[in-house]
Amino acid sequence: MSTTTSPESAPVADHPSHAETGAPPPVLRIVLAISALLAVLVTAFAWPAVNSAPRDVPLGVVAPAPALAQLEGQLASGDEPAFELTSYDDRAAAEEAILGRDVYGAVVLGPGGGELLVASGASPAVATSLQQFAAAVPAEAGGPLTVTDLAPLPEDDPRGVGLATSLFPILLGGMASGIASALALRTPGARLAAVGSIAVVGGLVIAGILQGWLGALTGSWWANSGAIALGIGAIGASLVGLHRVLGLPGVGLGAAVMMLLGNPLSGVSGAPEMLPAGWGALGQLLPPGAAGSLLRSTAFFDGAGAWGPVLVLGTWLVVGAALALVPRREA
């Protein structure tokens with residue numbers, strides 16, 4: 001005679017409790033993970049902003065030797081000099097350096113008084129700092145200085161907010177195009193074609209809104225569209241390439257680098273030289289920072305200083321596309 005065991009009386013496998021295994025309970029793990037994420041986010045975005053200040057900002061000087069020595073003494077105070085001075089022979093040479101994006105401004109001192117040349121389009125924050133400095137120059141050093149803006153911001157956006165905020169749609173467009181293409185499309189060619197198409201259309205749309213509607217950009221609309229498209233494409237292609245070689249972790253890694261490093265270190269709201277030492281230079285090697293600098297060049301300086309950012313963005317784009325084309329077995 002056989003016996004059966006009812007489900008109610010069947011032995012139940014023992015599962016070790018969280019206390020027995022030493023692992024924190026799920027609720028605690030979630031709290032710790034989100035708290036750590038918030039700590040990373042606030043550090044990434046708040047730390048560069050809180051520590052933003054002029055540090056060795058390139059500044060031209062046209063002045064006789066005695067006045068130049070006095071000016072250097074004024075600017076050398078503090079542990080970190082705010083400006084790095086470059087001497088020019090005359091006003092024309094200093095103006096050429098500013099419009100070529102070699103320096104952010106120039107102090108011109110002479111017998112007839114002093115003048116400050118600035119370029120608000122290069123950085124409203126730096127231009128404001130220079131004007132504050134100009135107001136404090138004593139009379140014996142040629143002050144107060146009259147101010148001339150060689151690359152002013154548009155009348156519709158005198159604070160340069162439009163260009164600063166353009167970085168987020170560039171970043172979001174690049175990330176969205178890369179993630180969506182990597183996950184939704186099967187072949188590398190289709191993924192790269194989608195990223196390229198989104199970049200071109202996104203560049204035209206963003207430039208059209210910023211320049212045609214809001215009046216926040218000047219210069220060639222086509223050049224501005226191209227700068228934005230290159231930024232979107234570089235970010236998108238990078239994520240597609242990382243997904244190809246690393247899978248989903250690659251997408252997460254690429255998105256984290258672009259959002260947590262590239263965005264706060266871009267210097268687009270101030271200037272790379274206003275970030276803590278070394279971090280501004282790193283930001284210019286990442287697509288968000290390079291895209292912001294390229295857009296400034298095309299919008300306010302007729303493309304001057306564009307080759308460096310173009311090289312950075314082109315490298316990210318080419319390397320990302322090459323990784324996306326790496327042969328591998330699909331699961």
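**Close-up 1. Serine 181 in helix α6.** Serine 181 is buried, at 3% relative accessibility (buried means under 20% relative accessible area, exposed over 50%, partly exposed in between; 1.4 Å probe, protein chains only). The residue belongs to helix α6, residues 161-184 (helices, H or I with at least four residues, and strands, E with at least two, are DSSP runs numbered from the N terminus). Leaving aside residues up to four places away in sequence, serine 181 touches Ala176, Arg191, Ala194, Val195 and Val240 (contact means heavy atoms within 4.5 Å). This is a predicted model, in which local features need pLDDT of at least 70, side-chain atom pairs count only at pLDDT 80 or more, and totals for chains, interfaces and linings use all residues. Residues are numbered from 1 along each chain as its sequence is written, and side-chain values use heavy atoms, with hydrogens and water left out.

Close-up 2. The model has 2 salt bridges (a side-chain nitrogen of Lys or Arg within 4 Å of a carboxyl oxygen of Asp or Glu). Side chains of opposite charge can pair when their charged atoms come close. Arginine 91 bridges to glutamate 95, with 2.9 Å between the closest N and O atoms. Both residues lie in helix α4 (residues 91-99), 4 residues apart, about one turn of the helix. Arginine 91 is partly exposed at 29% relative accessibility, and glutamate 95 is partly exposed at 25%. A salt bridge also joins the side chains of arginine 91 and glutamate 115, at 2.9 Å from N to O. Arginine 91 is in helix α4 and glutamate 115 in strand β4, so this pair ties together parts that are 24 residues apart in sequence. Glutamate 115 counts as buried, at 16% relative accessibility.

**Close-up 3. Strand β4 and its partners.** In strand β4 (residues 113-118), 5 of the 6 residues are buried. Strand β3 (residues 105-110) runs antiparallel to β4 and is joined to it by 6 bridges (two strands pair if DSSP finds at least two bridges between them). Glycine 110 has glycine 113 of β4 as its bridge partner. Strand β5 (residues 146-149) runs parallel to β4, with 4 bridges between them. Leucine 116 stands opposite valine 147 of β5.

**Close-up 4. Isoleucine 34 on helix α2.** Isoleucine 34 lies in helix α2, residues 26-50. With a relative accessible area of 47%, isoleucine 34 is partly exposed.
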